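Take a moment to look it over, and then follow the topics below in any order you like.

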Amino acid sequence: MPAAIYLLGLCIFAMATSEFMVAGMMPSLAAAFHASLADVGNLVSAFAASVVVGGPLLTWRLRAVRRKPALLGLLAVFLIGQLIGATADGYPQMLASRIVCGVAQSAFFGVALALAGELVGMDRIARAAGLVLNGLMLASVAGLPMATLLDQYWGWRPAFWLVAALVGLAML
């Protein structure tokens, strides 16, 4: 498999970790933003809603853009959203972060899978897609626990910074 397939999997790992990690740090975020657990739970819902609504619209808008520039642009948008979250000093900024990241992640998934199919022949497309989507599985079994551990020992911000670093590294 081309190295780009594994890089796409890393990107999806970072993005999905960002998606899931808020659930593991709800008490910390509630305390930091002087918000209720229900309000912090709405951050999860906002991310999910932006994936469902914004992602497909953005993917449709990107249909005429070449795959690599589209992916780099989506990584940049996601990175900006993640940095907003890492530096958030209030609930509105964190909410904006979750929405931006959700839209970028959703569109990235679709474009990444399309690129994976272009990089390999038809006889290896299922394997390539599986490797790319392994990032999603690894985020739930390794990314979320890692982010929760970071939150418990050093606070919630390091997890946001770590995801931002992974996305920035992948962009390079």
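A helix here is a DSSP run of H or I that covers at least four residues, while a strand is a run of E with at least two, and both are numbered from the N terminus. With that in hand, the span of residues 42-62 comes out as 95% helix and 0% strand. Please keep in mind that this is a predicted model.

**Transmembrane regions in the record**
- The unreviewed UniProt entry places the feature "transmembrane region" at residues 42-62, 69-88, 94-116, 128-147 and 153-171.

**The salt bridge**
- How many salt bridges does the structure hold? The count is 1.
- The partners are R67 and E118, whose side chains meet at 3.0 Å, N to O.
- This pair links distant parts of the chain, with R67 in helix 4 (residues 67-86) and E118 in helix 5 (residues 91-119), 51 residues apart.
- As a reminder, side chains of opposite charge can pair when their charged atoms come close.
- R67 is partly exposed, at a relative accessible area of 28%, and E118 is exposed, at 51%.

**S50 in helix 3**
- S50 sits in helix 3, which covers residues 37-61.
- Is S50 buried or exposed? Its relative accessible area is 6%, so S50 counts as buried, the cut-off being under 20%.
- A polar atom of the S50 side chain lies 2.7 Å from the backbone oxygen of F47.
- Setting aside neighbours within four places in sequence, S50 is in contact with G55, R98, I99, G102 and V103.

**A nonpolar surface patch**
- Which residues make the nonpolar surface patch of about 310 Å²? They are V52, V53 and L57.
- L57 belongs to helix 3, and L57 is exposed, with a relative accessible area of 56%.

**V141 in helix 6**
- V141 has its place in helix 6, which runs over residues 125-154.
- V141 counts as exposed, because its relative accessibility is 54% and the cut-off is over 50%.
- From V141 to M171 is a step of 30 residues along the chain, and their C-alpha atoms are separated by 24 Å.

Note on methods:
Residues are numbered from 1 along each chain as its sequence is written. This is a predicted model: local features need pLDDT of at least 70, side-chain atom pairs count only at pLDDT 80 or more; totals for chains, interfaces and linings use all residues. Side-chain values use heavy atoms; hydrogens and water are left out. UniProt positions are given in the numbering used here, feature names are shortened, and annotations may be inferred rather than shown by experiment. A salt bridge is a side-chain nitrogen of Lys or Arg within 4 Å of a carboxyl oxygen of Asp or Glu. Buried means under 20% relative accessible area, exposed over 50%, partly exposed in between (1.4 Å probe, protein chains only). A polar contact is a pair of N or O atoms within 3.5 Å; within protein, one must be able to donate a hydrogen and the other to accept it, and residues adjacent in sequence count only if both atoms are side-chain atoms. Contact means heavy atoms within 4.5 Å. Patches are made of residues with over 30% relative accessible area and no salt bridge: like charges are joined within 9 Å, nonpolar side chains (Val, Leu, Ile, Met, Phe, Trp, Tyr) within 5 Å. Accessible areas come from the Shrake-Rupley method with a 1.4 Å probe; for residues, only the protein chains shown count as cover.
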